[in-house]
Amino acid sequence: MLERLKNSLINSPVMKRGEYNYFIHPISDGVPSLDPHMVKEIADYIAEIADMNVDTILTVEAMGIPVANALSLKTGIPLTIVRKRPYFLEGEVELSQSTGYSKGVLYINGLKKGDRVIIVDDVISTGGTLLALVRALKKMGVEVTDVISVIGRGDGYLKLEELGFKPKVLVTIDVSEKGVEIKDVFGDQ
Ligand SMILES: O=P(O)(O)OC[C@H]1O[C@H](OP(=O)(O)OP(=O)(O)O)[C@H](O)[C@@H]1O
Ligand code: HPA
């Protein structure tokens, strides 16, 4: 299960971003090139394990897009992208994003009260991004059926659990200066 993803993760290089050990992988960086078979493997798996009874698949610019788009093409469910720049449209919602190595602002457009969404992102680490997003969606009255992260590291997912969301993390890893180690795979005993 998820063999391409697991095999490529253990070969990921790690670099320092400040104090943060940052792994570099096609799914989370687009670097090196994305293998379409790996993207398909991931999208197929998400379609099996997630509640896809939704109005839209919601992802965050930039690196949630390849997997979320593959899932959208597979299921025929529209794709909504949370962007890093504003469009000043009516109903646009602004939120602050904080990761282990960056801070920024995100903008939600195209959602309304009562919409049902599944969130798909590439990585959950500190949980800062998904926590801010889920909080904003709650305030908007948008229903989140599932939160999916392809890769998980650290304990940031616990912040989401405190809010009542149990994210489905496909592959959980440990990242150190020495490299990437696989800790857990969703669905494996
Ligand atoms: O759990 P967190 O600590 O918040 O980290 C996870 C976030 O970090 C990355 O986004 P980034 O803003 O680096 O953007 P990118 O997708 O453009 O690389 C990733 O795509 C997640 O959205
Ligand atoms: O270590 C990382 N690598 C790539 N993307 C990320 N998003 C959060 N942490 C990371």
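**Annotated span, hairpin and ligand shells**

In this predicted model, the end C-alpha atoms of residues 36–161 lie 32 Å apart, and the span is 34% helix and 33% strand; helices (H or I, at least four residues) and strands (E, at least two) are DSSP runs, numbered from the N terminus. The UniProt annotation "domain: Phosphoribosyltransferase", from an unreviewed entry, covers residues 36–161; its positions are given in the numbering used here, feature names are shortened, and annotations may be inferred rather than shown by experiment. Residues are numbered from 1 along each chain as its sequence is written, while chains are lettered from A and ligands numbered from 1 in the order in which they are written. Local features need pLDDT of at least 70, side-chain atom pairs count only at pLDDT 80 or more, and totals for chains, interfaces and linings use all residues.

Strands S5 (residues 93–98) and S6 (residues 103–108) pair in the antiparallel sense over 6 bridges, pairing being assigned if DSSP finds at least two bridges between two strands. The two strands form a hairpin with 4 residues between them, and Ser 98 has Lys 103 of S6 as its bridge partner.

Ligand 1 is surrounded by 18 residues, the closest being Ala 62, Met 63, Ser 125, Thr 126 and Thr 129; a residue is near a molecule if its C-beta atom, placed from the backbone, lies within 6 Å of it. Strand S7 (116–124) and helix H5 (128–140) each give two or more residues to this shell, and S7 supplies the largest share, 4 residues.

Around ligand 2 lie Tyr 22, Phe 23, Ser 28, Asp 29, Thr 99, Gly 100, Val 123, Ser 125 and Val 175. Strand S2 (20–23) and helix H2 (26–29) are the elements giving two or more residues to that shell.
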